[in-house]
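Colleague: Hi! Could you walk me through the packing in this one?
Modeller: Happy to, here it comes.

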Amino acid sequence: MAKMHIKLKLNNRDVETLAEPRMLLIHLLREQLGVTGPHVGCDTSHCGACTVDLNGKSVKSCTVFAGQANGATVMTIEGMAAADGTLHVLQEAFREHHGLQCGFCTPGMITRAYRLLQENPNPSESDIRFGISGNLCRCTGYQNIVKAIRAAADRMASVKEAAA
Ligand code: FES
Ligand code: FES
């Protein structure tokens, strides 16, 4: 099958590659580009472990063809920490508030939480629960995930306030 030429900005890097038109974005990321943060947790588009940020929207990368990311900006969990390794506020909050156990859902969950806080910087508990409803966690019972996202929202607001 003829391969497509795909160019994208991935975690602030320009990437060019070839992929079969039927290849899914999750497989392009993990198997071809070595970006293994997004996971495959189901084959029914339910779990959200594969969540990435695509052109400013959370998407399940198992439901998107690699070719649809041509020309796009994609961020995965690998793109969240600063270049010097300083963790993103959300990563710190998940660590501090025990927002993970096995960690399988965590890259997708944090990537989703990132976009949720861009869309709504001051979410209520129910906004957070609704906002992450496409991401399943089999371990934590969600309570500490919700706490971590709320704590990150507070931290981001105080940083913004201090800078104003
Ligand atoms: S792998 Fe489960 S939703 Fe994508
Ligand atoms: S921490 Fe194990 S699935 Fe969420």
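Modeller: One term before we start: a nonpolar core is a set of buried Ala, Val, Leu, Ile, Met, Phe, Trp, Tyr and Cys residues joined through side-chain atoms within 4.5 Å. Keep in mind as well that this is a predicted model.

Colleague: Good. Which residues touch the most other members of the largest nonpolar core?
Modeller: Met 80, Leu 90, Phe 94, Met 109, Ile 145 and Ile 149 do, in a core of 22 residues. At least two residues of this core come from each of α2 (89-96), α3 and α5.

Colleague: Let's zoom in on Ile 145. What does Ile 145 touch, leaving out residues up to four places away in sequence?
Modeller: Ile 145 contacts Phe 94, Gly 99, Met 109, Ile 132, Cys 137 and Thr 140.

Colleague: And what other core lies apart from that one?
Modeller: There is another core of 18 residues, with Leu 25, Leu 28, Leu 29 and Ala 72 among them.

Colleague: On to the helices. How do α3 and α5 cross?
Modeller: Helix α3 (residues 106-119) and helix α5 (residues 143-163) have axes that come within 11 Å and cross at roughly 45°. That angle makes α3 oblique to α5. The crossing of α3 past α5 is right-handed.

Colleague: Which residues meet there, in α3 and α5?
Modeller: From α3 you have Met 109, Ala 113, Leu 116 and Leu 117, and they meet Ile 145, Ile 149, Ala 152, Ala 153 and Met 156 of α5. By class, this contact of α3 with α5 has nine nonpolar residues, no polar and no charged.

Colleague: Nice. What about the angle between α2 and α5?
Modeller: α2 and α5 pack at about 135°, and their axes are 8 Å apart. The two helices are therefore oblique to each other, and α2 passes α5 in a right-handed crossing.

Colleague: Which residues of α2 and α5 meet?
Modeller: Val 89, Leu 90, Ala 93 and Phe 94 of α2 meet Ile 145, Ala 148, Ile 149, Ala 152, Arg 155 and Met 156 of α5. The contact of α2 with α5 divides into nine nonpolar, no polar and one charged residues.

Colleague: Changing topic to the backbone: which residue has a positive phi of about 65° although it is not a glycine?
Modeller: That is Ser 45, in the loop between α1 (25-32) and β3 (51-54). Ser 45 is partly exposed, with a relative accessible area of 33%.

Colleague: And where is Asn 55 found?
Modeller: Asn 55 sits in the loop between β3 and β4 (57-60). Asn 55 has a positive phi too, of about 50°, although it is not a glycine.

Methods:
Residues are numbered from 1 along each chain as its sequence is written. Chains are lettered from A and ligands numbered from 1 in the order in which they are written. This is a predicted model: local features need pLDDT of at least 70, side-chain atom pairs count only at pLDDT 80 or more; totals for chains, interfaces and linings use all residues. Side-chain values use heavy atoms; hydrogens and water are left out. Axes are lines fitted to C-alpha atoms, for helices over the stretch in contact, and angles run from 0 to 180 degrees between N-to-C directions. Helices (H or I, at least four residues) and strands (E, at least two) are DSSP runs, numbered from the N terminus. Angles under 35 degrees count as roughly parallel, over 145 as roughly antiparallel, 65 to 115 as roughly perpendicular and the rest as oblique. A crossing is left-handed if the near helix is turned anticlockwise from the far one by less than a right angle, and right-handed if clockwise. Contact means heavy atoms within 4.5 Å. Ala, Val, Leu, Ile, Met, Phe, Trp, Tyr, Cys and Pro count as nonpolar, Asp, Glu, Lys and Arg as charged, and the others, Gly among them, as polar. Buried means under 20% relative accessible area, exposed over 50%, partly exposed in between (1.4 Å probe, protein chains only).
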